Amino acid sequence: MASLAIRDDLYRGAWGVVEIDLKRYFTSIPHDKLLVLIQERVVDGSMLKLIKQSLKVGVAYAGKIEPTRVGVPQGSPIAPLYSNIYLNLLDRVWQSRGYPQQLGATMHRYADDVILVCRGNAQQALQAFEAIAQRMELSLNREKTRITRLADGFDFIGFHFVKRRSGRSGKPTIYIQPSQTAQQRIRQKIRQITSRRAPISPNEWLQRISLMVRGWVNYYRHTSASQAFRRLQHFINTRFRRYLSYRSKRRGFGWDRYPDWKLYAMGMIYIASGLIKYENRTVNALR
């Protein structure tokens, strides 16, 4: 839903985006300002005291406990919630000042990942954003914050957005694809659970792959991901062949002994079409 909302926004006369990276965001959130925002919704004194204690919890280092004065506790399950509460103020200020209309820049944010979709002057939009961030005692990572034209493409929340002419219509079109980082991560996860020396049965090997890949493919199935799906299918098939060849104590990669059709007959998940569906509805689908 987020990727489609961004694509629709890019079609509204946008020429580029400002990719923003907050410097050490989770460790720089000021406690006093965060607590003020929490108090807008939470009025129970005992609960507020507990929240304050969770923020002040110390960090063990070299046998000593160092008190925490800024930032949210890393690794805590409530840390993402605290972080979103604080950055929600950024969203509110951006909208209340009318920057989407005045500067021609709309903001899209997921946790601390932020982009500004620009129709006007991107430098002015960046300066306005930085001014708000400074008031919130946050700073930008200058090395990773940049202005990018749509024709050059940019990554956000695991997607790659790029503008180029359609091969069919010849019109400028916004394409969404799995980012290279997202593709590398899924391959790395597959490597971790599919060693050719893994002491598991072929059925268990296939079940592990199916559980991992099914969600990834469904996440990207609405994008132009056919090429990424084909590459991932080839990667999985190759690893399964090596596993089967090693298990049967045969040399080589098993291309002749285990062609694709035989792997699919054994139960290999087929993702090249991107038409995988969950057998049961997810929790979100039951709402």
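The model is predicted, and local features need pLDDT of at least 70, side-chain atom pairs count only at pLDDT 80 or more, and totals for chains, interfaces and linings use all residues. Residues are numbered from 1 along each chain as its sequence is written, and side-chain values use heavy atoms, without hydrogens and water.

With 19 residues, α8 reaches 27 Å from its first C-alpha to its last, close to the 27 Å expected at 1.5 Å a residue (1.5 Å times one less than the number of residues). Its buried residues (under 20% relative accessible area, 1.4 Å probe, protein chains only) include Trp205, Leu206, Ile209, Val213, Trp216 and Tyr220. The cover over the buried residues of α8 includes β8 (159-165), β9 (172-178), α7 and α9 (226-247).

The axes of α7 (residues 180-193) and α8 (residues 202-220) come within 10 Å and cross at roughly 170°; the two helices are therefore roughly antiparallel (over 145 degrees). In this contact (heavy atoms within 4.5 Å), Ala182, Gln183, Ile186, Lys189, Ile190 and Ile193 of α7 meet Arg208, Ile209, Met212, Val213, Trp216 and Tyr220 of α8.

Helices α2 (residues 31-38) and α4 (residues 79-96) pack at about 80°, with axes 10 Å apart, and are therefore roughly perpendicular (65 to 115 degrees). Lys33, Leu34, Leu37 and Ile38 in α2 meet Tyr82, Ile85, Tyr86, Leu89 and Arg92 in α4.

Definitions and conventions. Axes fitted to C-alpha atoms, helices over the stretch in contact; angles between N-to-C directions. Helix = DSSP H or I, 4+ residues; strand = E, 2+ residues; numbered from the N terminus. Parallel < 35°, antiparallel > 145°, perpendicular 65-115°, else oblique. Buried < 20%, exposed > 50% of the residue type's maximum accessible area, 1.4 Å probe, protein only.
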